Amino acid sequence: MVSETEIYLKLKKELHKKGWILIGGEPPDGTNSMPRIELKDSSNISKGSKGSKKIDLVFFKGGFFLLLELKEEYDYSDVKKLNEIVQDEKWRKAFIIALKEKKALELKNISIDQQNYIHSNNLLIKAIAYSEGTAKHDDFVTFIVDKFGTNLHFGSGISENIKQLF
Amino acid sequence: MKIQIYCDALQEGEWFKNLSPNFKDADILSIKDRGKNPRIIDELIEYDRPDIILVIDGKVKLALEKTEEVPTGHNVGQRFARIVKSAEVSIPFIYFCPFVAMKHGKYANRCFINARLFTAIQNMSKIHNVSILVMNWVTDADYELIRTGEEDREIKLLIKELFNKNFQFEKSEIINDLQRKMEEERKARIAMHSSYDEPPNTVKIIDTSNLIRDLKEKFGNFKIPKLFIKNKETVFYTLGMTPENCRREDPFTGMQLVYDYYWCRTGPKITDRKRNLVLNIPLVDKKRWLSANPNEPHKKRHLYYTIPDALVLKDGIIVTENIKNQQKKLI
């Protein structure tokens with residue numbers, strides 16, 4: 001089985017080669033020189049990060065954001081988290097705020113019309129990666145990473161426009 | 001020259017390798033659990049694991065911690081034990097972190113490094129006669145961390161010079177400059193908040209004979225080590241742990257070391273103290289404490305029994321010298 005850290009390093013390199021711009025994220029362990037994208041829960045009135053959601057890797061290409069969650073093994077909690085972020089306007093707004101706070105787009109000279117990403121989920125791609133098993137979700141891009149390489153699976157709900165980005 | 005970069009996380013190993021062309025052929029190796037590494041690595045991770053351990057021709061040259069967290073609040077204690085261990089075994093340490101950065105969220109504000117960290121580190125560096133550097137991860141005008149690679153400029157220069165000086169830290173001019181910057185930062189933080197030059201609210205410096213009298217009144221007679229009586233003052237650190245949340249190591253195992261090196265220690269041994277160090281845990285009884293935090297040598301919580309002179313709990317006292325003596329007898 002490939003570790004989460006190995007999946008993290010591998011996908012960072014492979015997606016970069018395919019023209020995806022790394023915006024931010026958080027490594028499974030330790031520190032990396034990129035902004036941590038932490039979506040704050042707007043309903044949390046107390047101090048601290050209770051209820052916040054962090055995304056493992058965020059990339060940008062052709063106007064689309066790729067929101068990628070990684071695990072050594074398939075974990076439904078990743079699917080649930082990304083569904084919540086992408087389907088709920090509150091979380092989409094929190095995502096844009098997080099990018100803005102950390103100057104994540106500015107750092108890469110990317111400018112977007114924020115409202116397009118808050119009012120609609122069409123430009124947010126949900127993706128999960130793990131080391132063994134099969135793809136399970138129609139509206140997800142799935143990376144199966146083993147020691148021999150990376151297999152990319154598009155769910156039946158993924159459009160041709162998006163497929164061409166990979 | 002055989003160079004090995006031991007790392008806690010692979011991306012940190014890769015980051016370190018890219019700091020110098022001298023590391024071109026270096027091997028990146030993972031720091032494994034204690035007991036599964038070469039002896040020199042196991043010794044260094046006895047309390048806790050640094051991010052990077054640099055080994056050249058079989059000798060450890062330095063250890064390093066990299067974090068984007070500003071050392072303030074709990075973050076100060078969380079990483080301190082690994083710095084202490086490095087000093088104890090005379091390995092230079094680099095702590096690469098922001099001196100100031102923006103904290104986001106509802107209460108967004110600038111967050112400054114805790115000045116007590118500098119004082120504790122300066123004292124520790126003198127006591128163990130080893131270089132311990134706190135290097136600033138620079139930020140932009142809005143206090144956001146720089147992540148363009150420019151943040152590594154100073155550390156790259158340092159590594160280059162260390163190779164030129166054969167890793168003799170005392171001969172490096174860059175290190176003198178870094179130490180000057182640390183001192184400037186310490187003074188600036190204290191000028192901003194003078195309370196950082198004094199103990200925090202959780203720490204009191206009290207009269208030892210009064211403490212002994214109060215403890216005897218409360219808990220009856222107990223065996224007091226001679227050294228404890230000799231020190232006129234005691235640093236009394238109160239930990240607000242409850243019975244429900246008392247099974248924890250961070251930040252307390254590290255914070256006690258910050259206070260130890262700030263107000264107690266005079267030499268490299270635990271017994272070299274001008275003040276006693278006592279942990280006060282008033283909400284937790286002895287039975288609950290010992291079941292939640294047994295003295296396990298392979299866990300960081302063993303520092304509760306090896307660092308302070310005593311722990312005062314809700315219904316009793318643990319004198320750590322008595323534990324050490326029992327362990328010696330068992331050995």
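Reader: What separates the centres of domain 1 of chain B and domain 2 of chain B, taken over C-alpha atoms?

Author: In this predicted model, the separation is 29 Å. Domain 1 spans 3–195 and domain 2 spans 203–330 of chain B.

Reader: How many residues does each domain of chain B bring to the contact?

Author: Domain 1 of chain B brings 20 residues and domain 2 of chain B brings 16. A pair counts if the C-beta atoms lie within 7 Å.

Reader: Which elements give two or more residues to the domain 1 side?

Author: They are helix H3 (74–78), helix H4 (80–88) and helix H5 (115–128) of chain B. H5(B) gives the most, with eight residues. By class, this side has nine nonpolar, six polar and five charged residues.

Reader: Why is Tyr143(B) called partly exposed?

Author: Tyr143(B) has 17 C-beta neighbours inside 10 Å. Buried needs 20 or more, and exposed needs 12 or fewer. The count of 17 lies in between, so Tyr143(B) is partly exposed. Tyr143(B) sits in the loop between strand E8 (132–136) and helix H6 (153–164) of chain B. Its phi is positive, about 65°, although Tyr143(B) is not a glycine.

Reader: What makes Asn166(B) exposed?

Author: Asn166(B) has 9 other C-beta atoms within 10 Å. The cut-off for exposed is 12 or fewer. So Asn166(B) is exposed. Asn166(B) lies in the loop between H6 and helix H7 (173–192) of chain B. Phi of Asn166(B) is also positive, near 55°.

Reader: What is omega for the peptide bond from Asp250(B) to Pro251(B)?

Author: Omega is near 0°, and the bond is cis. Pro251(B) is in the loop between strand E10 (233–238) and helix H10 (252–264) of chain B.

Key: Residues are numbered from 1 along each chain as its sequence is written. Chains are lettered from A and ligands numbered from 1 in the order in which they are written. This is a predicted model: local features need pLDDT of at least 70, side-chain atom pairs count only at pLDDT 80 or more; totals for chains, interfaces and linings use all residues. Domain bounds come from an automatic or database domain assignment. Two residues are in contact if their C-beta atoms, placed from the backbone, lie within 7 Å. Helices (H or I, at least four residues) and strands (E, at least two) are DSSP runs, numbered from the N terminus. Ala, Val, Leu, Ile, Met, Phe, Trp, Tyr, Cys and Pro count as nonpolar, Asp, Glu, Lys and Arg as charged, and the others, Gly among them, as polar.
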